[in-house]
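Work through these exercises with the model open beside you. Try each task before you read its solution.

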Amino acid sequence: MADRVSAHILIGGTLSRGKYPALVQAISNDNPAIDWDGTPFDPTNIPANAPLALMDHEVAWGRFEAIEACCHRLGLHYVRWSNGYIGSFPSIRVVYPGHGEPETFLTTEGDDQIFSIEHIRELGSVEAIEAEYRRAKLNPPPLGLVDDDLIDEVTIHG
């Protein structure tokens with residue numbers, strides 16, 4: 001049986017309307033809510049000027065596997081925080097900017113970044129510590145849906 005913890009994810013970036021059903025399906029597979037009280041996700045209600053925020057108290061291993069995989073495929077930026085499970089894994093914040101590999105940061109239960117003394121020594125300078133802190137706090141842009149032909153124009157003329 002999976003260790004289950006509280007977790008939330010913020011999703012942002014630009015997505016064509018034609019690909020939106022794939023994200024909706026991934027959300028349906030992981031079944032998070034739009035608030036901690038369990039209000040179901042409504043695919044017709046996307047925040048106008050903010051990333052899409054989803055959360056749940058009972059997330060296996062603290063990962064929204066279907067949603068995160070979908071964001072990788074679609075090039076969407078996400079930030080996921082998950083609480084730790086004593087004896088199994090710590091609280092973490094995962095930042096994926098829409099490309100490359102996600103970066104993982106140790107956090108408290110309140111989503112504050114933690115630096116071990118060993119990690120501080122690895123980083124080597126206050127500037128490097130501050131740069132990592134900024135990367136960890138990078139939140140996604142708003143989630144925007146655009147018509148498929150606009151995505152094609154950006155790709156062709158971009």
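**Exercise 1.** With which residue does Arg-63 form a salt bridge, and how far apart are the closest N and O atoms?

*Solution.* First, some ground rules. This is a predicted model, in which local features need pLDDT of at least 70, side-chain atom pairs count only at pLDDT 80 or more, and totals for chains, interfaces and linings use all residues. Residues are numbered from 1 along each chain as its sequence is written, and side-chain values use heavy atoms, leaving out hydrogens and water.

Step 1. Recall the term: a salt bridge is a side-chain nitrogen of Lys or Arg within 4 Å of a carboxyl oxygen of Asp or Glu.
Step 2. Find the partner. Arg-63 pairs with Glu-65, and their closest N and O atoms are 3.3 Å apart.
Step 3. Check the accessible area. Buried means under 20% relative accessible area, exposed over 50%, and partly exposed in between (1.4 Å probe, protein chains only). Arg-63 is partly exposed at 37%. Glu-65 is also partly exposed, at 46%.

**Exercise 2.** Which residues are linked with Arg-135 in a network of salt bridges?

*Solution.* Step 1. Start with Glu-103. Glu-103 forms a salt bridge with Arg-135, with the closest N and O atoms 3.0 Å apart.
Step 1. Glu-103 lies in strand E5 (residues 103-106) and Arg-135 in helix H4 (residues 126-136), so the bridge links distant parts of the chain, 32 residues apart. Here helices (H or I, at least four residues) and strands (E, at least two) are DSSP runs, numbered from the N terminus.
Step 2. Compare accessible areas. Glu-132 is buried at 8%, whereas Arg-135 is partly exposed at 35%.
Step 3. Conclude. Glu-103, Glu-132 and Arg-135 form the network.

**Exercise 3.** Which residues have the most contacts inside the largest nonpolar core?

*Solution.* Step 1. Define the core: a set of buried Ala, Val, Leu, Ile, Met, Phe, Trp, Tyr and Cys residues joined through side-chain atoms within 4.5 Å.
Step 1. Name the residues. The core has 23 residues, and Ile-11, Leu-23, Leu-54 and Ile-67 have the most contacts inside it.
Step 2. Locate the contributors. Elements giving two or more residues include strand E1 (4-16), helix H1 (20-30) and helix H2 (65-74).
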